[in-house]
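Hello,

Here is the structure I promised to pass on to you. Have a look at it first, and then read on for what turned up.

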Amino acid sequence: MRNSTIALALATLGLTAVAATLLDATLRRHAEASDLRDRADLVRRYGLTDLCLFTEARYTRHLSQTDLHAPFQDHPVSLDHFPSGSLVGPPPGWRDHD
Amino acid sequence: MIVLDGVRKAFNQGKPNEFWAIRGIDLEIELGRVTVLQGPSGSGKTTLLTLIGCLARPTAGRVRLGGRDISGLPERFLTEIRRNSFGFVFQQFHLIKGVSVLDNVVLPGLPTGRRRRELTDRAHALLSRLTLADKAASNAEWLSGGEAQRVAIARALINEPEVVIADEPTANLDSSLTEAFLAIVAALKAEGRTVLMTSHDPLIYRAEMVDRVLSMRDGRLVSQAP
Amino acid sequence: MTDWVEKQRNILDFTLSSLRRRKGRHLGMLAVYAAIVFLLASVMLFSHAIKREAAIVLADAPEIVVQRMVAGRHDLIPGAYADRLTGIRGVAAVTPRLWGYYYDAALAANYTILVPTDQAVPAGSVVIGGGVARARGAGVGDTLSFRGYGGEQFFFTVAEVLPHASELVAADLFLIAETEYRAMLGIDDGAYTDIAVSVRNPREVVTVANKIIAALPDTRVILREEILRTYDALFDWREGLMLVLLTGAVLAFAIFAGDKASGLSAEERREIGLLKAVGWETTDVIAMKVWEGAAVSLAAFLAGYLLAYLHVFHFSGALFEPVLKGWAVLYPEFRPAAFVDVFQVLTLFFFTVFPYTVATIVPIWRAAIIDPDAIMRS
């Protein structure tokens, strides 16, 4: 078989697979739509305000609810020593204050 | 008919190391013949071949192929003429290493847009004519000198050129391989192709099928043997 | 046209034969490139999916949360504030809330302890999130014991474990009755954590918020819009760090690729000279390099993106888990909802395939203007 035939076939296959991921994503969103609705219901029922991504400290558990100085409890410019502090910062609304 | 008219060629023109490799050549080469350019190294034989083969343009003068002036054409047309009208066998053969013999042979045919099938069929036919049928899939790097030359000849013939140009074709071959090469040249001549070679090997320029020997020295033709 | 196609296919054939020569080297480079694309794509897919999820799920969060601040810190809010809020024009409903954190010393885990406002949990019962159930090894009917603020023991029977699919919002929830909340945490009657306020006309949220601040100067107001913005900006803040690290990798690769491409060896120059001598045009030589660059970078994009998709959406972003988890004991088990931004994928495609291909051609441009007679003179 010709090199180019193999290469073009592989490229087509790969691009089809990329398209398939988009299809897969759509199908999964439909399949899991009720889960998403359930989560939204739970948020409404219990008045939740945040995603439960980081439970190690109150200011990472409820990112949007912490008071202004919570992430800097020891010193205003102390570096955060929690690993998730390297991923998320204070909510942007707060940075408007300074 | 290939006609050269007052052809001169300079390298590094306008610089302190300017060098005139060809200093005025008028020449007519008949098609369908075997012509040998002979002379010491540095005499301008190879440069003359590059001018005839459209690899380079003369600094002055004209080169005509079949009545068409090819010395002033832009690069693209020159490339097209070179591809369709000339086949080259280089002194070092210059096969591409690590690639199969077949891929080497079809190389000049690739940019023509001919079908792959057509090209490989022709390559296989050429290879079996040159007794290399079983080498088609081998790596070009591992060929003997004689085999490498025959692959280079097959490559030169893939686009069915009118003119085959060979630069010192037997410089790396022993006498028996040189004889074999001459047999191939004879066959090409019998097909009606024009063969143009440079050589300072007496086995070549004294060979029977050679129609004409041109001697060169210092960028000029010295004498024209019949 | 068919001639052109056939010619390009011929050139591609040769390019691939030629690539195959230094198989180990090219495959190694492809692997490095694909790994970089994989990391970039994983970060992009994961953050995008989480952001979209947050936007949808938290769209039903309280419109306004009123917190009381004491000396710059969040403090309990008196129930009397609720009455004053009810009097503000435009306020539809006021719900004082009780919630907070409970540190479970046995597990060194933090729970979010909360009193549901819509329906009461019976005294002595608890509804727990999936993460708590997993950490405590508890199921429905089990009894859990906790120490209150004064040292006394409280016993709760698990009435319900929240569904597994809800972990992204509820893994650490611990829902109990109000009386027990107050008794266990020592919070007086009439004190609340904060107050949720809903507004009659959504367009008046900001007006209402300003009225609240005017009426209750010691409070801070958090709008739902701000909550959503928080999650829109999630990972944006020090995502920079991540990207800086990746930029390092990208640059290292650029140097590597540039070096490989610009350092045309004598061998490659000779080959290009030969191609030109046997009738390849400069454009054909460039086409060859374009195909080479496109083949390598397309393969890297396809491998990197497809692996990243599987990683994020089928293996729950397993490689990110240690980073996201950090020091947390309770970590939600979740597969990000499959939100894929086609535009983002196209951007990734463009930025992987295009620069690499260009980087391969640029040095060849110089080589492609090698005179075709060079081969005869060597």
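Let me start with one residue: is B:Ala152 buried or exposed? B:Ala152 is buried, because 25 other C-beta atoms lie within 10 Å, and the cut-off for calling a residue buried is 20 or more. Please keep in mind throughout that this is a predicted model.

B:Ala152 belongs to helix α5 of chain B. Leaving aside residues up to four places away in sequence, B:Ala152 touches B:Val89, B:Phe90, B:Phe93 and B:Leu95. Between B:Ala152 and B:Glu162, which are 10 residues apart along the chain, the C-alpha to C-alpha separation is 16 Å.

Three residues of α6(B) are buried: B:Phe181, B:Val185 and B:Leu188. Viewed down the axis of α6(B), these buried residues fall within an arc of 55 degrees, and therefore they line one face of the helix. The other side of α6(B) has B:Ser175, B:Ser176, B:Ala183 and B:Ala190 exposed. What do the buried residues of α6(B) pack against? Their partners in chain B are β3 (34–38), α5 (145–157), β7 (163–167) and β8 (194–198). Just after α6(B) comes B:Gly192, with a positive phi of about 95 degrees.

Two residues other than glycine in chain B also deserve a look for their backbone angles. B:Cys54 has a positive phi, near 65 degrees, and sits in the loop between α1 (45–52) and β4 (60–65) of chain B. B:Cys54 counts as buried because it has 26 C-beta neighbours inside 10 Å. B:His94 also takes a positive phi, near 50 degrees. The loop that holds B:His94 runs between β6 (86–89) and α3 (101–106) of chain B. B:His94 is buried too, with 22 other C-beta atoms within 10 Å.

Now to chain A. Chain A has four helices and zero strands, which gives the pattern α-α-α-α along the sequence. Of the 98 residues in chain A, 35% are buried. Among contacts in chain A with a separation of 6 or more, 32% join residues 24 or more positions apart.

How confident is the predictor in chain A? The mean pLDDT of chain A is 78, with 67% of the residues at 70 or more. Within chain A, confidence is highest in α1(A), at 93, and lowest in helix α4 (residues 92–95), at a mean of 57. Residues 74–78 of chain A stay under 50 in pLDDT, and for them the model has one contact beyond four places in sequence.

Helix α1 of chain A, residues 3–31, has 29 residues and reaches 41 Å from first C-alpha to last, close to the expected 42 Å. Its buried residues are A:Asn3, A:Ser4, A:Ala7 and A:Ala25. These buried residues of α1(A) pack against α1 and α11 of chain C.

The contact between chains C and A takes 67 residues from chain C and 51 residues from chain A. On the side of chain C that touches chain A, helix α11 (residues 282–314) gives the most, with seven residues. By class, that side of chain C has 47 nonpolar, nine polar and 11 charged residues.

Where chain C meets chain B, 24 residues of chain C are in contact with 24 residues of chain B. The elements of chain C that give two or more residues to this side are α1 (2–19), α10 (266–277) and α14 (374–377). The largest share, 10 residues, comes from α1(C). The side of chain C that touches chain B divides into 10 nonpolar, four polar and 10 charged residues.

Finally, chain C itself is divided into domain 1 (2–58 + 235–377) and domain 2 (99–186). The C-alpha centres of these two domains of chain C lie 49 Å apart. Their contact takes eight residues from domain 1 and 13 residues from domain 2. The domain 1 side of that contact has six nonpolar, no polar and two charged residues.

Best wishes

How values were computed
Residues are numbered from 1 along each chain as its sequence is written. Chains are lettered from A and ligands numbered from 1 in the order in which they are written. This is a predicted model: local features need pLDDT of at least 70, side-chain atom pairs count only at pLDDT 80 or more; totals for chains, interfaces and linings use all residues. A residue is buried if 20 or more other C-beta atoms lie within 10 Å of its own, exposed if 12 or fewer, and partly exposed in between; C-beta atoms are placed from the backbone. Two residues are in contact if their C-beta atoms, placed from the backbone, lie within 7 Å. Ala, Val, Leu, Ile, Met, Phe, Trp, Tyr, Cys and Pro count as nonpolar, Asp, Glu, Lys and Arg as charged, and the others, Gly among them, as polar. The expected span of a helix is 1.5 Å times one less than its number of residues. Domain bounds come from an automatic or database domain assignment. pLDDT is the predictor's confidence in each residue, from 0 to 100. The arc is that of the directions from the helix axis to the C-beta atoms.
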